[in-house]
Amino acid sequence: MKKKTNSGFTLVEVIVSILIIIALAGLLTPVFNRMKRSAEIRSSIAKLHQLGVAVSLYRTDYGGEGYARYDSPNAYYGLALPPLRYYEFYRLDHYGADANFLPSPCGADQTIFDTFRCGVIGWITYVAPEYEPALMKPGSGNLYEFHDYLATYRENAVLFIDPYCNPPGTIMGAPYIYKRGLSVLISGQVVNRYGMGYAGADNLRWYSDPPE
């Protein structure tokens, strides 16, 4: 008479299986995190593109499209950029973008917020008012940083920035740390920049290059 075999797992086999699963999870977690971050970056780029389109449509309605005299003292106003503040995004409601577009797909991080000087934690930031002439008063940081910004960068001047697609704890103001800055320009181009340098909201030159 044949001896009946036991088809169950032994304790050793169960332990080995658990250890293999833990090891695989440890190996695959960074891969899944990178995939998640890549998806967030793509989603942010799509949002920035839509915000760029909305601003372009707004400018068309207010006579700002095709304005080429970037060296004029009134170039900022001639571009008819929307005078948005964080409570005024109803101005873009009819152009396919509203306040619901502002939360970054990459989430919020206190360190990035503290070292970027943006308005609301976790939001894509509208930075065009940084170089509005009305803010460039004698002795102000805006006058020092942006007095020739629009004349130099022209259609490559930055409109919106999303600094949050970085690992938690990234110090945007640390010049020797790699960081990512997503932005959309007046031209409508979305820039995905990754590199070292000071990337605070008061240094928009980091986020794009002047046109050739």
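Me: At 11% relative accessibility, does Cys 106 count as buried or exposed, and where is the boundary drawn?

Reply: Buried means under 20% relative accessible area, exposed means over 50%, and partly exposed lies in between, with a 1.4 Å probe and protein chains only; Cys 106, at 11%, therefore counts as buried. Please keep in mind that this is a predicted model, in which local features need pLDDT of at least 70 and side-chain atom pairs count only at pLDDT 80 or more, while totals for chains, interfaces and linings use all residues. Residues are numbered from 1 along each chain as its sequence is written, and side-chain values use heavy atoms, with hydrogens and water left out.

Me: To which residue does a disulfide join Cys 106?

Reply: A disulfide is a covalent bond between the sulfur atoms of two cysteines, and here a pair of cysteine sulfur atoms within 2.5 Å is taken as one. Cys 106 is joined to Cys 165 with an S to S distance of 1.9 Å, and the link is right-handed, with 75° about the S-S bond. The pair connects distant parts of the chain, 59 residues apart, since Cys 106 lies in the loop between α2 (75-78) and α3 (110-116) and Cys 165 in the loop between β2 and β3; helices (H or I, at least four residues) and strands (E, at least two) are DSSP runs, numbered from the N terminus. Cys 165, at 3% relative accessibility, also counts as buried, and a search of the whole structure finds 1 disulfide.

Me: With which residue does Arg 205 form a salt bridge?

Reply: A salt bridge is a side-chain nitrogen of Lys or Arg within 4 Å of a carboxyl oxygen of Asp or Glu, and by this rule the count comes to 2. Arg 205 forms one with Asp 148, the closest N and O atoms being 2.8 Å apart. Arg 205 lies in the segment after β4 (190-195) and Asp 148 in the loop between α4 (141-146) and α5 (149-153), so the pair ties together parts that are 57 residues apart in sequence.
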